[in-house]
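User: Hello! I am new to this structure and would like to look through it with you. Could you take my questions one at a time?

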Amino acid sequence: MSYCRQEGKDKIIFVTKEDHEAPSNAELVADDPNDPYEDHGLILPNGDINWNCPCLGGMASGPCGQQFKEAFSCFHYSKEEVKGSECVENFRNMQECMQRYPELYPQDDDNEPSKETDDAAAPTATDETAPTNEKDSGPAESSPTSEEPTPTASPPKS
Amino acid sequence: MLKCRTVWKKLAPLARNSSTLCHQNAKRAVLRNEKRPGLLQRAQMSAGPSGGGGTDNTLYYVLVGATCLGGAVYAYSTLRGDKQRYQDRISEIASRPNKATQEQTEIQTAAPEATKELAEEASEPQSVADEESVPSTPSEEPSPSAEPPAELPSESAPEPSAEEKTSEEPLVTSEPIQETPVEGPTEPSASLAETTEPPLETPTPEPSEPFSSPAVVESAEAIPVAVAESTPEVSAEQIAPPVAESASAAPTPAAAPVTPTPAPAAPTESTPAPVLEHAPYLLIGGGTASFAAARSIRARDPGARVLIITDEPDLPYMRPPLSKELWFSDDPEVTESLRFKQWNGKERSIYFQPPSFYVDPTELAKVENGGVAVLTGRKVVHMDVRGNKVRLQDGAEISYDKCLIATGGVPRNLQVIERAGDEVMQRTTLFRKIEDFKSLGKVSREIKSVTIVGGGFLGSELACALGRRSADLDLEVIQMYPEKGNMGKVLPEYLSNWTTAKVRKEGVRVITDAVVKNVSFKNGKVEIKLKDGRTVKTDHIVAAVGLEPSVELAKSAGLEVDSDFGGYRVNAELQARSNIWVAGDAACFYDIKLGRRRVEHHDHAVVSGRLAGENMTGANKPYWHQSMFWSDLGPDVGYEAIGIVDSSLPTVGVFAKATAKDTPKAAAEKSGTGIRSESETEAVAVSVKAGTATPPSPTHQTDDYGKGVIFYLRDKVVVGVVLWNVFNRMPIARKIIKDGEEHADLNEVAKLFNIHED
């Protein structure tokens, strides 16, 4: 059984597991999906890519940022059957660029080169958060690899 | 419009001269005319002989006509001649520069007097120059004829062509143009004199040369257009081309004579003389907020050129590991490598990016897709907001379009320590930077006893870190603070006491209710006398008593400083003034939900830096996404928090009995990420638990605050939440604060967190 204690202005409640089994009746305000202030995940409400998403690490802002953006945009907007099949050139450019900066884009790891380096770089309180928001990404998922357009890179709904 | 004014002012003397002559002639003509009617009248009134009057009239008309014609011809020839004479003078001056000084003078030019409204003009060249400069001009009276000639100069500009007389510094180019409205008639003559430097420079390879071309286009186009507008009486077509050339030549030199004094490149530590004169995005301070802003700007503005100026010798790095992970590293070379192991086993450096990520400042202007450059070891001492430029300690001036101030702060010191003399000061560390970490690491190996003054985040974390090593190092670790328990200002008393017990378990000798009264150096030991009479003898002091925000630029920049919280006062969009934003520790900002505050946490630096970067690229978003913070004190105590977490507020804490599974270490291992807050953020450094060193702590006490959630209330609304040994639930806490609702039963709210689950 839970019990309660008051220490001056501070109230302390101890609860057992059973106490918390009943669903909460606390009311939360519904989120507005179109709230302009809210941070968005990888994909903005209008379908564009959010280059500032923390999930991308430093991919869009580094020396190969331009190539990355082109490749990923191409992939994102690709309507081919094999998504991104027309983007090979872009991805090749990106890879070439990344090879010039092995320190930044280590090649040992196929997926998520940014994870090693940029990843922890700017820890931002991410935008996924809120229950209503789309699952924006563990860092691993949404960023495309340098090798090939992975299916997982497709934006989660939008 | 300004361009019109400027050009008009520029040509004013010319116009004046010619018009004066015109006027004089005209006046004479008019006067004669006036006299004529008089004479005619008299002639008529006198009813003189019409015949004689007639011939007289004719004669007079002829004379008047001739005079007028003569006047007009004279005026015309004068104007024509003026252009020629102007040209001659310029070429004459152009030949002079061969004796002029080196580039630096010219570089320093950033023209103190120049550029009141230089911003746009100068920026155009930097950013997508050509495209922008073209659209900017057509809005005014388009003079197609002016465009082609303008294009020509731009074409040839890139080649070091002396005859072009183009300036290298774009800002210089535009400056004089802008200047003219302000400076007035003296400008053209001044600029003529100034032509000296730039033409000399053009032959020499200058990094910013490519810049001159867009700049020239900009100025050249501006001039002809402005000229067209402002001098209707003079044929624009004719004037434009020559003026374009002379104008572009004139502006360029503007800087040189203007700044004859700025000593040629003061010796710089990191980079050779004129490094960069203009940065579209200038970030003052090279910490977390600055880096986050740089990244945000680069993500949103393709090809952005960002310059970071920091007075530290290091590239941007993250601070939390300096008081946590780096101390737990097994690597003896850790002070050099500054690498730490995250829980997922991956090692990383505290530097956000390796050096190869950054562009060399001298290359910043040229590099194709832009980049981020870092000027280390330089301090900004003066900020000219009207002129949109800053001055460094070595005298160099850099102009900007958008500026971010992310200067953070300096650790506070206790007055008693400052007054204690050199012996004590040498044995005191104010911990904040990499160098402090290195020196403390070194010192801790040499001494027998260290005392940490301060019971907040930094003090407690350092105490725990050193405490853990105390056995290996044979080091006595003492922590003293005026509060009753560790984190006394953050956690409610019961929790603070509990935490203090844990810290003591880490091997730290904690002295609470300790107010330092006097510090002295006696018999080779530092002696600390407390107010209540106790004395502590130690070898070294680490002062962790707060941070003083760095607001030295407030005076020169005319920025407001907040009296309650310290720091620069900014609005909800983190803007202090036009084109100036502030982020990180130094920003006292308006939080729409929680009111005005200043936050000194890592995640806040990231969030605010990112937001500032977004707003610098036009987003205009207010501070909305609440930042969080975390701390780990040993393997048993770890918490995440968000919002206003002030122990003076009434709190409601809901706790569950903790099992062995509920520790930071367990949470990290289970989630497999090794980083407690990784789901929260991209990746965040978290305490590395040296699991081997500490015994598993049994948590079976009656009042065991093993894990739970604590709500901080202000007027019955939850404004802060602490997740005590409960992880990966920050989104829920964030939502509750965002809602800002009054909840009758906080136990119900606590249910949302599922504290019994892992």
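This is a predicted model: local features need pLDDT of at least 70, side-chain atom pairs count only at pLDDT 80 or more; totals for chains, interfaces and linings use all residues.

User: Is Lys716(B) buried or exposed?
Analyst: Lys716(B) sits in the loop between β27 (707–714) and β28 (717–724) of chain B. Its relative accessibility is 60%, and the cut-off for exposed is over 50%. Lys716(B) therefore counts as exposed.

User: What is the phi of Lys716(B) near?
Analyst: Most residues other than glycine have a negative phi. Lys716(B) is not a glycine, yet its phi is positive, near 70°.

User: Is Met487(B) buried or exposed?
Analyst: Met487(B) also has a positive phi, near 55°, and lies in the loop between β12 (476–480) and α21 (493–505) of chain B. Buried means under 20% relative accessible area. Met487(B) has 1% relative accessibility, so it counts as buried.

User: At what angle do helix α19 and helix α20 of chain B pack?
Analyst: Two packed helices are described by the angle between their axes and the distance between the axes. For α19 (residues 434–446) and α20 (residues 457–473) of chain B, the axes are 11 Å apart and the angle is about 35°.

User: Which residues of α20(B) make the contact with α19(B)?
Analyst: α19(B) passes α20(B) in a right-handed crossing. From α19(B), the contact uses Leu440(B), Ser444(B) and Arg445(B). By class, the contact has four nonpolar, one polar and two charged residues. The α20(B) side is made by Leu462(B), Leu466(B), Arg469(B) and Leu473(B).

Definitions and conventions:
Residues are numbered from 1 along each chain as its sequence is written. Chains are lettered from A and ligands numbered from 1 in the order in which they are written. Side-chain values use heavy atoms; hydrogens and water are left out. Axes are lines fitted to C-alpha atoms, for helices over the stretch in contact, and angles run from 0 to 180 degrees between N-to-C directions. Helices (H or I, at least four residues) and strands (E, at least two) are DSSP runs, numbered from the N terminus. A crossing is left-handed if the near helix is turned anticlockwise from the far one by less than a right angle, and right-handed if clockwise. Contact means heavy atoms within 4.5 Å. Ala, Val, Leu, Ile, Met, Phe, Trp, Tyr, Cys and Pro count as nonpolar, Asp, Glu, Lys and Arg as charged, and the others, Gly among them, as polar. Buried means under 20% relative accessible area, exposed over 50%, partly exposed in between (1.4 Å probe, protein chains only).
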